[in-house]
Number of protein chains: 2
Amino acid sequence: MRIQRQILKESNLRSTTSRSKILGLFLSNSHALSYSDIEKQVASLFDRVTVYRTLKSFLEKGIIHKIPDNSGGLKYALCSDHCPHTVHQHDHVHFKCTRCGQTSCLEEVEIPPFDLPGGYKPDEVSLLVQGTCSKCR
Amino acid sequence: MRIQRQILKESNLRSTTSRSKILGLFLSNSHALSYSDIEKQVASLFDRVTVYRTLKSFLEKGIIHKIPDNSGGLKYALCSDHCPHTVHQHDHVHFKCTRCGQTSCLEEVEIPPFDLPGGYKPDEVSLLVQGTCSKCR
DNA sequence: GTAACTGCAAAATATTTGCATCCTT
DNA sequence: AAGGATGCAAATATTTTGCAGTTAC
């Protein structure tokens, strides 16, 4: 509870029940959460709309970031220690396990440099790896 | 028209007006198309449902592949020459221009090798780069 | 006290399913 | 001729918006 409060305060967001609870879900899960993962756990507590708006405010403040999912859905995960809120860079690797379905950020893996054809100017890079995670092998 | 017919035949799909037309859209666009990009162009010709079902059959046959988009939407693009239909590998780079919004496959760029933590077994890798494309500079 | 946040209703958007009819092979 | 493909209607799912009431600071 204390941690959530602090994170919210640092982001200039008021501490409300829904924000603390949803932030808590992210803090206690090492893997990324989809909207429906979250909804399932808080459906009885808050309105759908509140969940959407909570996620949106977390995104705007750089508390969480989106992870593209090539099955169409979008997932969300905590940003690591200090995402610069202005230049929101997430050049890290995401791993999606096709067995358990969990997606997680591999913070320790760096994307090696690569060349783009002339004229292309990259701003942000994200690498999505699919396969089998260490738990599922 | 002849090309579409041939591609469809090779994939064991019947040649119908909607499939030829939609396949034609992919053939004449170098960038990836979202569902709504397609819908806009064929709305007066076919039903929504037909478009969805057409895309689904193209995906199943490996004619097109999905491209995750970290703004939530999904796009579709032609698979390069010969995607093995069984092992559907798309280890190539996608570039999304934040200015014009177009996403394209950079077939010529290869993803450099990188290390994963122990236990993780990769099957498929996709690299999404965002920035400014050569046309928009 | 006030601006920010929430819940509810409802709209807007997106996707899927069933079924009768039509068309490709 | 027969099975696959399409169109229509409608169900289902997803996300957003407006507004009135509530709450954090």
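Mentor: B:S20 lies in helix 2 (residues 17-28) of chain B, where helices (H or I, at least four residues) and strands (E, at least two) are DSSP runs numbered from the N terminus. This is a predicted model, in which local features need pLDDT of at least 70 and side-chain atom pairs count only at pLDDT 80 or more, while totals for chains, interfaces and linings use all residues. Residues are numbered from 1 along each chain as its sequence is written, chains are lettered from A and ligands numbered from 1 in the order in which they are written, and side-chain values use heavy atoms, with hydrogens and water left out.

Trainee: Is B:S20 buried or exposed?
Mentor: Buried means under 20% relative accessible area, exposed over 50% and partly exposed in between (1.4 Å probe, protein chains only). Contact means heavy atoms within 4.5 Å, and B:S20 touches B:Q4 and B:L8, not counting residues up to four places away in sequence. Because its relative accessible area is 10%, B:S20 is classed as buried.

Trainee: Which helix gives the most to the surface near DNA strand D?
Mentor: A residue is near a strand if one of its heavy atoms lies within 4 Å of it, and of the 18 residues around DNA strand D, A:Y52, B:R14, B:S18, B:R19 and B:T50 come nearest. At least two residues of this surface are supplied by each of helix 4 (48-61) of chain A, helix 2 of chain B and helix 4 (48-61) of chain B. With 4 residues, the most comes from helix 4 of chain A.

Trainee: How far is a polar side-chain atom of A:Y52 from a phosphate oxygen of DNA strand D?
Mentor: A polar contact is a pair of N or O atoms within 3.5 Å; within protein, one must be able to donate a hydrogen and the other to accept it, and residues adjacent in sequence count only if both atoms are side-chain atoms. For the polar side-chain atom of A:Y52, the distance to a phosphate oxygen of DNA strand D is 2.6 Å.

Trainee: Which helix supplies the largest share of the surface near DNA strand C?
Mentor: Among the polar side-chain atoms facing phosphate oxygens of DNA strand C, one of A:S18 lies at 2.2 Å and one of A:T50 at 2.4 Å. From chain B, the side chain of B:Y52 has an N or O atom 2.7 Å from a phosphate oxygen of DNA strand C. The largest share of this surface, 4 residues, comes from helix 4 of chain B.

Trainee: How many salt bridges are counted between chain B and chain A?
Mentor: The area buried between the two chains, meaning the accessible area (1.4 Å probe) that they lose on being put together, summed over both, is about 3100 Å², of which carbon and sulfur atoms give 62%. Across this interface the rule finds 8 residue pairs in polar contact (both at pLDDT 80 or more). A salt bridge would be a side-chain nitrogen of Lys or Arg within 4 Å of a carboxyl oxygen of Asp or Glu, and the count between chain B and chain A is 0.
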